[in-house]
Number of protein chains: 4
Amino acid sequence: MDPNRREFLSATAVAATLTATAASPVLAQTTTTAQAADTTFTTAPAQGAVAYAAPTEIKKIEIVNLRELEAAAQKVIPKGGFGYIASAAGDEWTKNENQAAFKRVTIVPHYLSGHADADLTTTLLGSKIAMPIITTVMGGHGLAHVTAEAGTAKGTDAAGTIFTAGSQSTLTLEEIAVASPGPKWFQIYLQKDPGVNRDLLLRAKAAGYRAVVVTIDAFVSSNRETDARDRFHSPLPSGNFPGKRGGYGSTPFKEDLGWDDIAFVQKVTGLPVIVKGVMSPELAAAAVTHGCAGIQVSNHGGRQLDDVPAAFTMLPHIAQAVAGRIAIVVDSGFRRGQDVFKALALGANAVAIGRPVMFGLALGGWMGVQQVHEHLKEELRMTMRLAGAATVADISKRYLL
Amino acid sequence: MDPNRREFLSATAVAATLTATAASPVLAQTTTTAQAADTTFTTAPAQGAVAYAAPTEIKKIEIVNLRELEAAAQKVIPKGGFGYIASAAGDEWTKNENQAAFKRVTIVPHYLSGHADADLTTTLLGSKIAMPIITTVMGGHGLAHVTAEAGTAKGTDAAGTIFTAGSQSTLTLEEIAVASPGPKWFQIYLQKDPGVNRDLLLRAKAAGYRAVVVTIDAFVSSNRETDARDRFHSPLPSGNFPGKRGGYGSTPFKEDLGWDDIAFVQKVTGLPVIVKGVMSPELAAAAVTHGCAGIQVSNHGGRQLDDVPAAFTMLPHIAQAVAGRIAIVVDSGFRRGQDVFKALALGANAVAIGRPVMFGLALGGWMGVQQVHEHLKEELRMTMRLAGAATVADISKRYLL
Amino acid sequence: MDPNRREFLSATAVAATLTATAASPVLAQTTTTAQAADTTFTTAPAQGAVAYAAPTEIKKIEIVNLRELEAAAQKVIPKGGFGYIASAAGDEWTKNENQAAFKRVTIVPHYLSGHADADLTTTLLGSKIAMPIITTVMGGHGLAHVTAEAGTAKGTDAAGTIFTAGSQSTLTLEEIAVASPGPKWFQIYLQKDPGVNRDLLLRAKAAGYRAVVVTIDAFVSSNRETDARDRFHSPLPSGNFPGKRGGYGSTPFKEDLGWDDIAFVQKVTGLPVIVKGVMSPELAAAAVTHGCAGIQVSNHGGRQLDDVPAAFTMLPHIAQAVAGRIAIVVDSGFRRGQDVFKALALGANAVAIGRPVMFGLALGGWMGVQQVHEHLKEELRMTMRLAGAATVADISKRYLL
Amino acid sequence: MDPNRREFLSATAVAATLTATAASPVLAQTTTTAQAADTTFTTAPAQGAVAYAAPTEIKKIEIVNLRELEAAAQKVIPKGGFGYIASAAGDEWTKNENQAAFKRVTIVPHYLSGHADADLTTTLLGSKIAMPIITTVMGGHGLAHVTAEAGTAKGTDAAGTIFTAGSQSTLTLEEIAVASPGPKWFQIYLQKDPGVNRDLLLRAKAAGYRAVVVTIDAFVSSNRETDARDRFHSPLPSGNFPGKRGGYGSTPFKEDLGWDDIAFVQKVTGLPVIVKGVMSPELAAAAVTHGCAGIQVSNHGGRQLDDVPAAFTMLPHIAQAVAGRIAIVVDSGFRRGQDVFKALALGANAVAIGRPVMFGLALGGWMGVQQVHEHLKEELRMTMRLAGAATVADISKRYLL
């Protein structure tokens with residue numbers, strides 16, 4: 001086992017379990033791990049060991065709404081890790097605008113529809129899921145909880161939807177795949193070495209991932225100023241790249257990404273490819289032309305280039321350009337069932353959520369993740385029922401002012 | 001008497017009086033009931049008795065404006081009850097937008113009109129009332145005052161206008177009818193069992209209610225997050241449904257409401273039917289087609305689906321669709337005479353108010369309710385006189401910028 | 001002398017001086033009257049005497065900008081009096097909007113104009129004045145300073161511009177006229193008794209007032225909620241109506257004002273008539289038709305009907321309707337030279353200021369009033385010079401974005 | 001040496017060095033001057049000596065973003081000097097609007113461009129510079145640091161770009177020229193005496209300045225209210241005008257500036273002339289007609305006429321009028337690489353920055369200045385790379401929403 005990774009695991013309450021089995025038996029835990037954690041952390045860390053103390057509890061949590069999870073999570077995640085997860089680039093204008101943009105579109109309910117309930121199931125790139133909400137790719141799961149991506153993947157799977165694993169994960173993509181038996185996607189940050197990319201992609205395909213998400217907006221480091229103020233550097237091992245560290249501890253990223261890179265991924269894997277980070281109608285149209293299976297409209301949660309519009313603001317323009325030819329996933333700022341409803345009405349096929357999932361993970365492990373998804377699902381159901389939409393396909397601009 | 005209801009009443013200062021007479025003799029009280037209350041509450045409650053201590057005073061209150069009643073009422077209503085009354089759904093965006101929307105429309109006064117005073121009387125669905133302002137249906141009157149709907153009904157009647165009783169009231173609809181001898185309406189949440197609906201509607205007709213308001217936007221529980229944080233569950237008995245409790249303690253609500261349900265109410269009662277919760281021109285036009293006597297433009301005070309527009313925002317669009325063919329009542333957020341004036345100018349026939357009435361009830365019983373109505377009426381009179389409108393019919397878009 | 005008025009004066013430091021001479025010799029004072037005030041106020045007031053202790057100092061004050069005078073004045077004016085002067089109607093939305101509206105119009109400077117200085121003189125209804133800024137009519141001068149209107153009039157006159165005396169003044173219109181030898185206007189609140197109006201108008205003409213301002217927006221009391229909270233009732237005598245009290249202590253106001261009332265004033269006095277309170281293009285056009293010499297665009301500083309637009313917002317629409325045929329004065333919210341510049345660019349002939357003058361009076365008597373005018377004049381001069389306008393007539397829409 | 005200037009220098013840590021050599025050897029210092037400063041300041045100042053204690057340290061500073069430098073600089077610059085640098089005119093509405101305006105324009109990134117890096121070099125009026133960012137002219141460098149303009153000039157030069165010296169500098173223009181061997185511009189406030197202007201312009205040409213910036217928006221003092229509140233008067237000597245003091249201690253400014261003054265500068269120097277303070281398309285077009293080499297779109301950082309639009313707001317209108325015929329520099333409020341990117345996309349050839357440079361000077365002398373430029377440059381590089389622009393010439397409206 002990679003020494004960096006072992007180090008990380010040894011600093012956590014679940015280390016013993018994880019190393020004793022092939023898969024992620026930590027996920028079998030349903031009670032809190034507080035006692036185990038005490039034992040582990042009172043042990044003096046080995047020389048050079050990681051001091052970062054990620055949350056360890058796995059339990060049902062109380063959710064009033066997804067917004068309030070942030071403050072609760074801030075109490076349990078160490079400062080640097082919380083800052084990394086919660087903050088964004090520059091002035092955080094885009095992060096805040098992601099929220100504000102939703103409120104500029106209002107819902108016109110069509111009462112007396114005669115519908116008693118709403119059917120939230122949908123099919124996304126061939127996978128039937130419980131609701132049009134999935135988990136987006138994120139870095140730093142290990143900062144939020146000792147079970148890292150295994151917890152998030154299991155919780156997402158338990159909620160009946162798709163988990164997106166990332167190339168820069170704390171655990172290996174194979175470990176994550178085991179934790180999430182249902183439909184799942186693999187995201188990649190393409191690196192300079194094509195051989196590394198090829199290997200990783202083939203491993204993902206072999207592990208059962210059904211689609212590849214290629215992130216196109218993060219080939220350059222952005223100005224995450226909270227991290228700079230916190231002097232935060234991720235202590236996490238890099239699951240897929242033994243010997244590396246820090247989340248982004250892979251070989252150097254490819255910086256001159258172009259459409260040939262997308263073609264490379266398509267050719268190597270034969271899997272559906274989703275281009276993530278699309279923020280213009282032109283690029284969306286090009287994705288159709290280049291045979292992509294879908295796009296993910298995203299401004300990376302405001303974490304990359306600040307002063308770009310809300311993803312939600314660009315969505316209708318992009319949906320018009322795509323004209324239903326490929327799937328549209330949208331992320332960045334979704335916190336309410338109404339937000340999801342509005343995005344579906346404006347042409348998205350599904351919404352991907354990020355930070356709230358991470359906060360659920362921190363507060364309750366996989367159980368918290370599942371609850372976050374279930375809570376958002378119930379808000380969407382309530383919105384659909386009150387608005388008068390019986391199915392996901394029913395949701396259209398007709399319901400917006 | 002239903003044990004739940006007796007329990008509630010026994011926990012209040014007016015219990016003895018109420019049980020000793022057929023109607024609501026508490027309304028005869030014009031002095032404070034503080035002394036009686038002391039006696040009652042120092043008595044240990046019977047086993048399982050409701051501990052909720054609703055306000056009991058009946059007196060003249062001081063009103064500077066309707067907004068300020070909220071903070072005053074918060075001091076006298078128990079926390080959970082106040083939260084239930086004052087809060088709204090989700091982010092309370094719609095609740096706040098209900099206020100903000102008024103300020104986006106300004107009044108252009110036409111001075112030198114030659115009018116000395118303004119005539120505020122109007123006729124609404126055949127009932128002549130003192131002003132184009134009525135009391136909307138609300139739940140939880142018993143949370144605000146021990147006299148519950150009897151207080152609100154009497155105060156509204158004393159102000160010369162229409163009270164809307166609700167199917168989920170604390171007192172029985174017959175008790176409320178006695179308290180409000182003038183014109184009054186009965187609101188119903190349709191339930192799954194048509195027999196229950198029929199019985200209730202026939203009782204309302206028999207008790208003298210002149211119209212039926214059918215609420216169409218509350219067949220699903222919404223996310224009242226303040227109630228969740230307060231872990232609030234209404235301790236009130238359900239007047240019209242003996243043995244039930246909690247305001248919504250009726251048999252289950254009908255969730256697949258459609259136009260046939262409206263036809264059912266029309267047929268059973270033969271009374272004018274007002275559909276409450278209309279938020280789109282399409283639905284308003286349909287109400288005309290389906291023979292409704294009126295509609296109530298409303299977003300339920302922001303308490304049902306958050307992120308819908310202000311009712312006031314939808315009003316002019318809806319008025320255009322209705323084109324004067326049926327009556328338009330509008331509620332949600334009205335606090336100022338100017339608000340009422342603007343709504344009338346945009347096509348409403350009357351405005352229905354809610355929370356301010358409840359706060360007036362909490363602070364002064366029926367006398368507070370009457371004052372709330374009188375205060376708003378005087379603000380409307382001042383607005384009409386300064387703007388130059390001599391009668392309610394005079395108020396038109398000519399006075400808006 | 002009217003007992004009410006004597007009472008007021010006896011409670012002030014200037015009482016002895018004022019009663020010993022025909023005119024207002026208090027205005028000759030240039031040093032502080034603190035010592036005299038001490039003597040006076042330590043004397044026990046006569047039975048029923050007014051306890052209100054208005055400021056007494058006459059001195060040069062320090063002005064950074066007109067906005068900051070309010071906080072300074074609040075420290076020296078008794079609470080009730082300050083509230084009366086500074087507050088407005090209802091939510092004070094219109095009062096605040098009066099400020100906000102200015103910032104929605106920006107100035108485009110035309111540099112390299114070749115002008116070295118700016119000429120601020122102008123002629124308004126035949127009177128040449130030092131700048132296109134005058135003092136509007138206000139009630140309650142005696143609340144701000146013991147010299148009441150005599151101080152404001154003298155300070156305005158010293159600044160070389162027009163003072164508008166009001167029918168409801170603390171001093172008599174004749175006393176005010178003596179204090180202000182230059183051009184001055186007389187404002188009237190028409191009362192029910194035409195004889196009273198006629199007498200007052202003829203007195204004003206005899207005293208040398210050059211024009212009559214008829215206020216049309218205040219025949220109904222508005223909801224000044226700060227006064228209600230302060231339980232404030234003006235202790236001032238009513239100079240022009242012996243035996244009355246309280247600023248508005250005249251005979252009852254005429255409430256059915258119409259154009260025939262304007263004709264009455266024109267006929268009785270033969271003086272130019274300015275209709276004050278015009279807020280619509282229609283009324284402005286009617287003023288032209290009815291032979292008015294001018295209009296004063298005004299929302300009464302937000303003190304009458306709340307929720308009306310800013311006067312500045314209506315100005316360009318009104319100027320278009322007037323098309324230069326009669327004079328346009330505008331008031332309500334002017335605090336900056338730029339505000340004045342923008343109003344002139346949008347068609348006003350002059351700007352009338354109110355509260356800042358009153359605060360200057362409170363802080364420095366007539367010297368403070370003069371300084372307020374001079375300060376605003378210098379801001380206007382700076383604005384004109386930087387914008388590139390050499391004369392008042394030069395100021396046009398060309399300078400606005 | 002001019003006594004005023006000697007006095008200023010004698011009060012600083014660098015006095016001995018500065019007077020001992022012809023040029024500015026203080027710039028050779030790379031360590032902190034704290035020790036020297038202590039020695040100097042504990043010496044009792046000579047009679048009449050300036051007590052102003054400007055910062056003295058020369059060191060690398062920590063920059064998270066340029067906004068945060070202001071608060072840090074406030075801790076080291078004496079109150080009056082900081083107020084002079086940081087504040088603006090009137091309500092500071094224009095100063096704040098300068099910031100707000102940027103956020104109303106958003107960037108649409110074009111990912112998958114295939115570019116690996118961005119080339120930031122550009123040529124401005126014939127001078128090749130490292131990035132399209134220069135240092136604008138400012139007064140009061142000596143308030144921020146004892147090395148005054150020599151520090152700012154050296155730091156700017158070290159960053160590979162243009163420094164704009166001003167006629168009202170603390171040091172002489174020749175001293176500043178020595179500190180900044182690379183391309184540099186000279187700004188002039190034209191004075192009433194043409195001989196003075198001629199001498200100064202010829203000295204600047206002889207000293208190697210490559211262009212002359214004529215400021216057209218500051219011939220009148222504006223209302224800097226913070227200075228008024230602080231009773232601040234600059235203690236600085238006037239380098240180019242021996243015997244004068246206070247930054248603006250030259251002979252009186254010419255107040256009737258016109259195009260003939262621009263022609264005078266062109267004729268005397270034969271250098272390219274940039275008119276600074278252009279805020280309208282008309283004036284920009286006139287600058288082309290009058291043979292100017294460029295214009296500087298500017299509202300003087302909000303320090304002259306308040307209530308004018310943001311310079312950034314006027315930029316696209318001005319760029320349209322100029323149509324690429326002459327160079328456009330823009331200043332006023334730039335703090336972010338994104339701000340610079342947006343201005344270039346809207347037609348600017350370069351952006352000039354002011355206050356952040358001054359704060360960098362205060363915090364780290366020339367090293368701080370260099371870092372400020374490098375930081376902004378790297379933000380611009382990040383923005384270009386993420387947006388997909390390979391060169392400065394590539395940046396166009398295509399990248400804006």
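Mentor: We may, bearing in mind that this is a predicted model. Across the interface of chain D and chain A, 13 residue pairs are found in polar contact, with both residues at pLDDT 80 or more.

Trainee: Which elements give two or more residues to the side of chain D that touches chain A?

Mentor: They are α15 (337-345) and α16 (355-387) of chain D. The most comes from α16(D), which gives six residues to that side.

Trainee: How many salt bridges are counted between chain D and chain A?

Mentor: The count is nine. In one salt bridge, the side chain of Lys342(D) meets that of Asp307(A), at 2.8 Å from N to O.

Trainee: What area is buried between chain D and chain A?

Mentor: About 2600 Å² is buried between them, and carbon and sulfur atoms give 61% of this area. On the side of chain D, the residues that lose the most area to chain A are Lys103(D), Tyr111(D) and Leu112(D), together 29% of what that side buries. As for contacts, 29 residues of chain D touch 32 residues of chain A.

Trainee: How many helices and strands does chain A have?

Mentor: Chain A has 16 helices and ten strands. Of its 401 residues, 66% count as buried. Chain A exposes about 13100 Å², 54% of it supplied by carbon and sulfur atoms. Among contacts in chain A between residues at least 6 apart in sequence, 74% join residues at least 24 apart.

Trainee: Let us take a single residue. Is Gln187(D) buried or exposed?

Mentor: Gln187(D) counts as buried because its relative accessibility is 0%, and the cut-off for buried is under 20%. Gln187(D) lies in strand β5 (residues 184-188) of chain D.

Trainee: With which side chain does the side chain of Gln187(D) make a polar contact?

Mentor: The partner is the side chain of Thr215(D), at 2.7 Å. Leaving aside residues up to four places away in sequence, Gln187(D) touches several residues, including Val137(D), Thr164(D), Ser167(D) and Val213(D).

Terms used. Residues numbered from 1 in each chain as written. Chains lettered and ligands numbered in written order. Predicted model: local features only at pLDDT ≥ 70, side-chain atom pairs only at ≥ 80, totals over all residues. Heavy atoms only, no water. Helix = DSSP H or I, 4+ residues; strand = E, 2+ residues; numbered from the N terminus. Buried < 20%, exposed > 50% of the residue type's maximum accessible area, 1.4 Å probe, protein only. Polar contact = N/O pair within 3.5 Å; in protein donor to acceptor, adjacent residues only side chain to side chain. Contact = heavy atoms within 4.5 Å. Areas by Shrake-Rupley, 256 points an atom, 1.4 Å probe, with all protein chains shown as cover. Buried area = accessible area lost by both parts, 1.4 Å probe. Salt bridge = Lys/Arg side-chain N within 4 Å of Asp/Glu carboxyl O.
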